[in-house]
Amino acid sequence: MNQPILNSVDKAAKVIGKTWPLYTFVASNPLSGYENTSFQEAVSAAEKNFNANAFPEAKLYRQAWEKGAIDKQVLISLLEENGLSESPESYLKQIESQKRSEIINGNHEVDRIMAKWLASFMDEGLAEWDMPYKSEGFYNSWRLLVIYDSETGTTALKDIPKTSVEALERLLKGYTESDYTRIFTHHLASLPGWTGYINHRTTSNSDWQKDFPISLIDYLAARIWTTQKLGLPILPEESNYTTNTEIQKLQYLWLKAWEQTWQGQLVQTLENESIASPSTRTTDVPDVQMVFCIDTRSELIRRHVESKGNYETYGYAGFFGIAMDYESANDGIVRKACPPIVSSAYKVSEKAQNTKKDQFISFKQKNKISQFRNYFLRRMKNMLPSAFGYVEGSGVFYGLSLIGRTLIPRKLYQANDKKSSKMEHLCQPDINKANNEDILPLGIPLEEKVGIVKSAFDLTGWKKFAPLVVFAGHGSHSANNPFSSSLDCGACAASPGRHNARMLAKLANLPEVRKVLIESHNILIPENTLFIGAEHNTTTDDIVLFDSEVPASHKPLVETLKSNLLKAQKTATQDRLGSKGNSVASAQEKANNWGETRPEWGLAKNAGFIVAPRSLTKNTNLDSRCFLHSYDWEMDPSGKSLEGIMQGPMVVTQWINNHYYFSTVDNNTYGGGSKITHNITGKFGVVQGNGGDLKMGLPLQSLFGSDHRMYHQPLRLSVVIQAPISRVSEILARNTHLKTLLDKEWIYLIVMDPNQKNDLFKYKKTLQWESASKNNTSSKILEKEIAELAFSELAV
Amino acid sequence: MTRENNLAVNSFQNASNTSDRNQKPAITKIVTALLWLLFSGNLVYLSLNFFSIPEWTYGNLFSINGFTILIWTTVTFFSAIVSSYASNYLMGFRYHSRFMMLCLGFTISVMLLVMSNHIGLLIVSWFVMGIFMSQLIGIDKDWGEAREALKFTQKYFLTGTLFLAAGIFVLAFYTGEFTLTGLASAVAEVPLWLLTVSALCIILAAVVQSAIYPFHRWLLSAMTAPTPASALMHAGFVNGAGILLALFATLLFASNTLTILFIIGGFTAIIAQFTKLLQVNVKQKLGCSTIAQMGFMIMQCGLGFFNAAVVHLILHGFYKAYLFLSSGEEIAQTTPKKPLELKIGPLQAIIVLIFGGLGAYLFATWTGKGMVMDSGIFLTLIVAITVGQATYNIIKEHSLSIVQKILVPPALFIAGIGIYALMYNGVTVLMSSMPMTAQPTPLSWTQIIFGVIFLLGFFIMKLGVYKKLPWLYVKLMNLSQPHKKSVLMYKSKSI
């Protein structure tokens with residue numbers, strides 16, 4: 001192995017992110033390789049490598065400016081600090097004077113040929129005829145086939161080195177080691193979507209990767225060989241790329257002003273709340289407690305549920321703390337169901353409820369038949385000459401389906417929706433160790449079950465238990481939508497969260513778990529408390545309860561809850577869709593209309609992450625712009641829970657937020673471009689039009705109201721934590737990667753310190769804080785000094 | 001009262017308000033309503049006058065008969081579905097209104113085409129149809145690759161129109177007839193060489209439009225069109241060949257060029273069906289499938305069954321429009337699968353043969369095709385193999401019970417063949433006034449050879465022999481690449 005080459009590949013690989021398959025679309029930061037450099041440096045480097053925008057387009061600033069989302073005073077003072085004294089209008093005009101550019105792609109031929117091979121090799125079952133020699137890995141199969149490729153020109157097999165490393169050694173002869181990284185960076189960055197998918201495959205080691213391996217080295221060898229064969233330069237000329245740094249500076253300042261404006265409004269709101277409702281400790285026990293995901297969409301439904309009865313809600317990461325993979329009873333495929341940054345310790349599968357064994361068997365039988373039906377149709381369509389006979393025999397049925405799906409999507413949805421949780425009524429989830437090779441699953445030790453249940457209550461600052469506690473995961477329903485998984489639960493690796501919720505409910509109901517909880521951890525769950533799983537359908541705001549095993553004692557409570565949830569669905573959809581009429585009907589239509597490109601908005605508009613008790617946000621409408629994690633600083637003296645929240649959910653929300661940012665500022669490069677010309681490739685991704693680079697992010701329709709009108713506002717995430725400032729600083733000092741995210745300005749952090757009359761402080765740099773409070777400006781200076789004094793010690 | 005309160009309090013910034021929502025352009029609503037109206041009007045007229053649609057002519061410009069109404073009904077149906085779909089799908093697209101206008105323009109040009117009697121009108125509407133389609137392909141003017149695709153496809157369509165004009169003018173100037181009806185009756189007086197030249201030109205125009213090999217590449221480069229435009233293209237536009245050939249059936253018979261049609265159609269059907277197997281992009285896969293189906297349609301014309309070709313183009317339109325409009329459904333997590341082993345027991349083989357024969361018998365009796373030894377036999381053979389394949393797949397499936405295995409295949413093929421026969425007989429009635437559109441030819445060696453080739457193709461596919469030919473894979477992969485300049489040609493950046 002040639003070490004300099006391998007090292008250079010590693011070094012160059014940071015230029016690309018990871019392209020996630022659309023069946024588990026994880027919103028991640030496309031520039032994650034740069035998280036150790038500052039945000040500004042990272043975006044400039046990426047601008048050069050990808051010819052991509054670093055900051056929002058001029059029209060977005062214009063729209064934000066015109067609707068007042070950028071505060072004039074804030075902007076002016078930022079501009080002045082940087083020695084810019086003209087009027088904001090004139091600077092905005094300067095930004096707008098930049099014109100759109102379109103240049104011929106210098107690597108057109110190589111890019112096109114490589115995209116052709118990569119798409120063929122990485123296909124995951126869309127083609128009936130696999131690329132030959134696929135199981136020998138990308139380089140080998142490419143090598144054995146390229147000799148027939150007239151587009152590359154004639155070659156003898158013996159002229160192509162046998163291994164990719166050998167090929168690179170030979171191709172790079174005559175170049176210095178310092179050139180290596182430049183060469184590799186250039187070739188990796190030319191098709192960032194495809195190389196990002198190679199990156200995903202090698203790190204996730206998926207089933208497809210195991211059977212058909214590919215690596216960045218394979219890709220580089222094939223590509224650089226092709227480049228040379230076509231007589232093109234391997235080492236790109238030093239690009240005469242010049243960015244207008246003056247404009248970039250302006251764009252950055254405008255962005256900061258926009259972010260600060262938003263933070264100011266958020267701070268003001270929270271401050272008013274903390275004064276209006278000083279953490280009222282009510283003594284009455286609510287009728288029902290419901291736990292939702294921290295997802296921004298939960299904020300809306302929680303507001304509406306709370307208003308419909310004596311209900312209390314919590315925010316907790318939607319995988320409910322169970323690091324699990326889930327084996328579907330429908331297709332037998334095992335999918336990850338916890339955040340991608342967490343490795344799965346458990347595997348959850350389904351087994352029949354005790355009284356429903358026979359029904360489960362016939363359910364499985366029906367699944368098999370429907371799988372066969374799909375296989376049968378595929379065969380009939382693909383084979384000669386049945387394809388022709390099939391079209392003639394079935395054409396009329398397709399015609400009828402055309403009419404049905406176009407004219408009555410809602411009716412069809414209602415008919416199908418009834419069947420959608422059939423499995424949950426027959427089965428119960430069953431937890432086991434993830435890499436249990438035994439034939440007989442043995443379950444998991446009691447203390448691990450207790451641990452899972454306990455941390456749910458620890459992290460959310462739970463105090464009293466209502467007779468009914470509902471864990472509600474969330475999932476989305478949409479038709480004909482390649483990006484549907486991007487609307488599912490990010491904390492469950494883009495799966496619906498229902499099974500994690502059901503699992504946690506089952507564990508919390510176990511008498512032996514409750515026994516340990518009271519005996520060893522002093523957590524008393526009353527005997528009459530029942531836990532059940534549920535799922536919040538984010539497209540229709542319907543909440544379906546998995547209540548088939550509820551005992552008679554709790555039936556009335558469940559029935560009341562159900563009817564109140566229906567009311568909540570009605571008002572929530574009215575609020576979200578802005579319609580006065582039958583908003584549930586329009587939501588259902590959106591969920592099943594095959595021509596709908598915006599079934600729901602997902603996490604668009606996200607800008608904040610609030611870690612605090614619900615009482616702090618309960619009386620405000622946060623417009624689905626904030627992730628909400630329940631946390632009570634008083635119940636977490638050691639700071640362990642907060643540390644967990646900052647290491648887990650905070651990092652995940654940063655990924656999501658950065659993904660939304662980049663997909664918005666350059667939708668064609670970092671996002672998916674417009675859905676209307678998408679062409680699905682390999683069952684896992686999309687390309688635009690006739691082909692090209694694999695698209696790596698969210699489509700235009702998930703981010704923009706129209707081609708021109710902004711919907712998501714590309715702001716970096718502002719995290720707000722209610723906890724003593726010293727505790728937060730300690731955690732940051734212990735976790736350098738979190739501190740780096742802040743120091744390098746990938747996210748903002750604001751702390752509301754209950755020890756200092758709930759005043760707010762904003763993280764500056766290197767564990768320095770400045771006051772961010774809006775109300776009591778008089779004490780601002782003083783407290784700032786105190787705060788800085790307190791933490792300069794820590795910094796040392 | 002805090003509970004009520006938190007709903008009433010407005011958000012501190014940008015609470016959703018109506019200005020955040022998209023309004024459909026007014027033109028969308030008008031065009032969609034108009035197309036549905038046209039469709040229902042046609043459908044009602046067609047149903048009421050089914051058995052006696054009057055011939056209606058206007059000077060030597062227009063001639064409207066059962067066939068005209070049939071195609072009007074079909075094309076307005078597709079346009080109406082597509083525009084309903086597009087009114088949601090293209091919401092917020094900056095060229096939404098333009099799309100609707102092009103869609104309407106395309107529909108009108110097709111309607112004009114099938115009602116033309118004067119050849120000038122025919123050629124102009126053919127030309128305009130191509131212009132509308134390429135404008136839909138390149139509707140996004142800010143997208144370099146789409147502009148390239150527009151230019152590329154437009155070249156094809158212009159070539160097609162030139163051939164059409166040449167083919168028709170040769171005849172017209174020789175006979176002095178400038179209407180379709182006039183030409184059809186004057187064909188008998190034209191020398192064979194001239195008929196052949198004319199027929200070849202018209203065939204070329206037809207196969208360019210239907211993306212028949214070697215003119216297939218435009219269709220595989222046309223994915224820059226928004227999805228609903230693709231649906232319209234694959235369900236409407238490419239069918240031009242079937243319509244054109246049916247209109248010139250007399251000429252094709254008189255010039256003895258049917259065999260040529262049969263051969264190019266047959267080759268295209270086989271090549272495209274194999275090429276489809278290796279496509280990794282869903283729209284290219286559908287594109288290859290369309291090419292194969294068009295090949296089959298041309299074959300049907302070559303057998304003298306222009307009515308069958310018209311039925312095929314309608315049914316294929318349903319099928320392909322559906323698949324395009326639902327092409328976003330192809331994302332799925334899967335695991336690599338080993339190909340299934342092919343095993344068939346003697347009893348199963350007998351059932352396959354019996355059901356295949358039964359299917360062929362039903363098809364022959366219900367459609368009247370293949371009852372005597374003529375070209376209809378070929379179509380009957382296709383049906384027999386299809387039924388056999390369906391039966392084969394069903395009887396070797398373990399999850400089905402014995403009863404299901406015996407009952408499902410007949411239920412499927414009786415329903416399929418029955419509905420097809422209804423369509424076929426209906427279309428035959430509507431086309432009855434057109435000369436030479438249901439004229440089986442005598443069984444020829446070419447047909448027998450292709451019958452054998454199809455059977456071979458069937459076994460090659462079944463046994464997966466093709467998977468052992470890497471050179472063929474690369475060859476077909478390159479054959480199906482889109483136009484080079486329509487992929488990764490530009491780098492653009494908006495600031």
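**Strands and torsions**

Modeller: In chain A, strand β4 is joined by three bridges to β6 (residues 346–352), and the two run parallel. Strands here are DSSP runs of E with at least two residues, helices are runs of H or I with at least four residues, and both are numbered from the N terminus. This is a predicted model, in which local features need pLDDT of at least 70 and side-chain atom pairs count only at pLDDT 80 or more, while totals for chains, interfaces and linings use all residues. Residues are numbered from 1 along each chain as its sequence is written, and chains are lettered from A and ligands numbered from 1 in the order in which they are written.

Colleague: Which residue in β6(A) is the bridge partner of A:Tyr326?

Modeller: The partner of A:Tyr326 is A:Val348.

Colleague: And what is the order of the strands in that open sheet?

Modeller: The sheet has four strands in the order β5-β4-β6-β7 of chain A, with mixed pairing, where two strands pair if DSSP finds at least two bridges between them. Its edge strands, each pairing on one side only, are β5 (334–336) and β7 (427–433) of chain A. From one strand to the next the twist averages 30°, with axes taken as lines fitted to C-alpha atoms, for helices over the stretch in contact, and angles running from 0 to 180 degrees between N-to-C directions.

Colleague: Which helix lies across β4, β6 and β7 of chain A?

Modeller: That is α20 (residues 498–509) of chain A, which runs at about 85° to β7(A); contact is taken as C-beta atoms, placed from the backbone, within 7 Å.

Colleague: Changing topic, where are the cis peptide bonds?

Modeller: One joins A:Leu384 and A:Pro385, with omega about -15°, and A:Pro385 is found in the loop between α15 (357–382) and α16 (386–407) of chain A. Another runs from B:Tyr213 to B:Pro214, with omega near 0°, and B:Pro214 is in the loop between α8 (192–209) and α9 (217–220) of chain B.

Colleague: What about phi, and is A:Phe320 buried or exposed?

Modeller: Most residues other than glycine have a negative phi. The phi of A:Phe320, however, is positive, near 50°, and this residue sits in the loop between β3 (311–315) and β4 (324–327) of chain A. A:Phe320 counts as buried because it has 31 C-beta neighbours inside 10 Å, the cut-offs being 20 or more other C-beta atoms within 10 Å for buried, 12 or fewer for exposed, and partly exposed in between, with C-beta atoms placed from the backbone.

Colleague: And why is A:Asn522 called exposed?

Modeller: Because A:Asn522 has 7 other C-beta atoms within 10 Å; its phi is also positive, near 60°.

Conventions: Two residues are in contact if their C-beta atoms, placed from the backbone, lie within 7 Å.
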